[in-house]
Amino acid sequence: MGDSGAEPETAFSTTINKTPIDGMSCGRMEVLAGVVAIVSKEVVQHQGITLTMEGIVNLQLSSKSVGVFEAFYNSVKPIQLITSNIEVVKQGKVPGGKTEIPFEFPLHTKGNKVLYETYHGVFVNIQYTLRCDMKRSLLAKDLSKTCEFMVHCLPQKAKLQPTPVDFTITPETLQNVRERSLLPKFLIRGHLDATNCVITKPLTGELVVESSDVAIKSIELQLVRVETCGCAEGYARDATEIQNIQIAEGDVCHSLPIPIYMVFPRLFTCPTLETINFKVEFEVNVVIVLHDEHLITENFPLKLCRA
């Protein structure tokens with residue numbers, strides 16, 4: 001932040017390694033560490049420089065659920081996970097040029113609260129921010145700069161057991177079909193190597209089109225977030241697309257293995273999470289689009305974790 005003349009330009013960088021409060025078996029406390037960097041052409045007089053750290057879960061309802069859960073707005077407010085404030089520099093002057101002031105924040109939570117992993121969703125948003133404020137005299141504008149820092153949850157200690165899933169898609173296996181007799185004949189087989197997935201590793205598998213009476217137009221992988229939030233009066237569950245990856249285009253050769261490969265995007269995914277007020281879950285859809293515009297979808301729930 002900054003303007004011309006004596007207005008200083010301030011910026012700061014942060015680094016973080018995070019251990020959740022409920023996982024401190026060795027008594028080690030992680031800290032948020034970095035520097036406040038102040039750049040100014042001239043000496044800057046100030047009334048103090050402070051840092052404020054905050055972690056918040058913001059919940060909201062989709063437009064289709066607003067009329068159903070009016071009580072939601074009164075009972076569910078942003079959930080504060082952590083908040084802390086320190087004075088970095090007392091009232092005084094900062095010399096011209098570049099000044100760097102190191103800082104450290106211990107990640108202390110209140111009571112039995114846990115720091116959930118950073119997650120940017122549609123109806124659930126878990127965000128951690130650090131704000132730097134420089135108070136100045138009445139004739140000079142106060143300066144402020146905010147940045148976000150990421151929190152990773154502690155890797156689970158138990159060894160993750162792979163859960164491979166084989167699937168077969170035919171007109172008979174499809175659900176929510178009104179006129180099954182009008183569907184073209186097809187046979188698609190495949191497998192996912194695991195539905196219990198490590199978030200830092202790709203989702204992998206294989207798909208084979210054995211036969212199809214109608215030419216195939218496209219085969220896609222759709223990653224979906226399922227967010228549930230609410231209160232004692234009721235819960236709203238909404239599924240929205242995170243990303244869609246095309247793994248095949250056109251009428252693919254029959255009996256030819258097609259690899260399934262999808263990387264989980266950071267920020268928009270997190271380890272599967274379930275709390276009293278909200279849940280964050282994930283699913284993947286294998287979508288086959290036929291040239292006659294029939295859409296075939298096979299759904300697989302996923303459990304994401306950090307290992």
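Guide: An open sheet of 4 strands has antiparallel pairing and the order 11-12-14-17. This is a predicted model, in which local features need pLDDT of at least 70 and side-chain atom pairs pLDDT 80 or more, while totals for chains, interfaces and linings use all residues. Residues are numbered from 1 along each chain as its sequence is written, and side-chain values use heavy atoms, leaving out hydrogens and water.

Visitor: Why do strand 11 and strand 17 stand at the edges?

Guide: Strand 11 (165-169) and strand 17 (258-262) each have a single partner strand, so one side of each lacks a neighbour in the sheet. Strands are DSSP runs of E, at least two residues, numbered from the N terminus.

Visitor: How do you know that strand 12 and strand 14 pair?

Guide: Pairing requires that DSSP finds at least two bridges between two strands. Strand 12 (residues 186-192) and strand 14 (residues 203-212) have 7 bridges, in the antiparallel sense, and therefore pair.

Visitor: Why is Q156 called partly exposed?

Guide: Buried means under 20% relative accessible area, exposed over 50%, and partly exposed in between (1.4 Å probe, protein chains only). Q156 has 35%, so Q156 is partly exposed. Q156 is in contact (heavy atoms within 4.5 Å) with C305 and R306, leaving aside neighbours within four places in sequence.

Visitor: What makes C305 buried?

Guide: The relative accessible area of C305 is 7%, so C305 counts as buried.
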